[in-house]
Amino acid sequence: MNTKQPPTFIADCHLGKLAKYLRIMGFDTLYFSSIDDNDLIALARAESRTILTRDRALHERKESPSFYLQPISNLAQLQALQNHFHLKKYQLTSRCLICNITLKKIEKAEIEDKLPPKVKYYFSEFETCPKCHRIYWHGDHYKRMMSIIHAI
Ligand SMILES: [Zn+2]
């Protein structure tokens with residue numbers, strides 16, 4: 001395994017929230033709310049991704065490049081991933097929670113008219129998704145996610 005390249009993942013259908021955590025940490029993580037196991041495996045193999053799953057049957061299939069997650073809580077799942085993949089050694093830029101694309105910094109002046117008044121007042125650093133143009137700021141939701149990530 002090339003240790004310089006950060007690992008890439010596909011989260012299976014039950015791990016949507018974990019996928020969002022991984023994206024905010026910057027890891028390229030695909031997620032489909034519904035996908036056939038065979039398609040999931042084919043995609044993982046084609047793109048050299050690790051399937052993250054809590055489905056033992058899927059994990060035990062020989063052709064399945066998967067990592068089995070025993071824990072139920074997101075925090076414990078992240079801890080298990082940290083132990084196995086050493087996620088923390090990678091300093092990555094966050095990805096769009098929806099599109100899985102790396103966010104770009106954007107000047108407040110460019111987007112000011114699109115911001116809710118409170119956000120405009122309280123925040124000064126923003127990032128945007130090049131695909132869906134969703135704007136991210138370091139608000140409460142982001143802080144909550146980061147505090148969980150920092151706990152691992
Ligand atoms: Zn997006």
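Trainee: How many helices and strands does the chain have?

Mentor: Before counting, note that this is a predicted model, in which local features need pLDDT of at least 70 and side-chain atom pairs count only at pLDDT 80 or more, while totals for chains, interfaces and linings use all residues. Residues are numbered from 1 along each chain as its sequence is written, and side-chain values use heavy atoms, with hydrogens and water left out. Helices (H or I, at least four residues) and strands (E, at least two) are DSSP runs, numbered from the N terminus; here the chain has 7 helices and 7 strands, and along the sequence they follow the pattern β-α-β-α-β-α-β-α-β-α-α-β-β-α.

Trainee: Which residues coordinate the zinc ion?

Mentor: Donors are N, O and S atoms within 2.8 Å of the metal (3.2 Å for Na, K and Ca), and sites may look incomplete because water is not among the atoms. In this model the SG atoms of C96, C99, C129 and C132 coordinate the zinc ion at 2.3 Å, and their spacing in sequence is C-x2-C-x29-C-x2-C.

Trainee: Why is the arrangement around the zinc ion tetrahedral?

Mentor: Four donors count as tetrahedral if all angles lie between 85 and 135 degrees; the 4 donor atoms here subtend angles of 106 to 113 degrees, so the arrangement is tetrahedral.

Trainee: Is C129 buried or exposed?

Mentor: Buried means under 20% relative accessible area, exposed over 50%, and partly exposed in between (1.4 Å probe, protein chains only). C129, at 0% relative accessibility, counts as buried, whereas C132, at 36%, counts as partly exposed. Of the 152 residues in the chain, 43% are buried.

Conventions: Four donors count as tetrahedral if all angles lie between 85 and 135 degrees; four count as square planar and six as octahedral if opposite donors are over 155 degrees apart and all others between 65 and 115; anything else is irregular.
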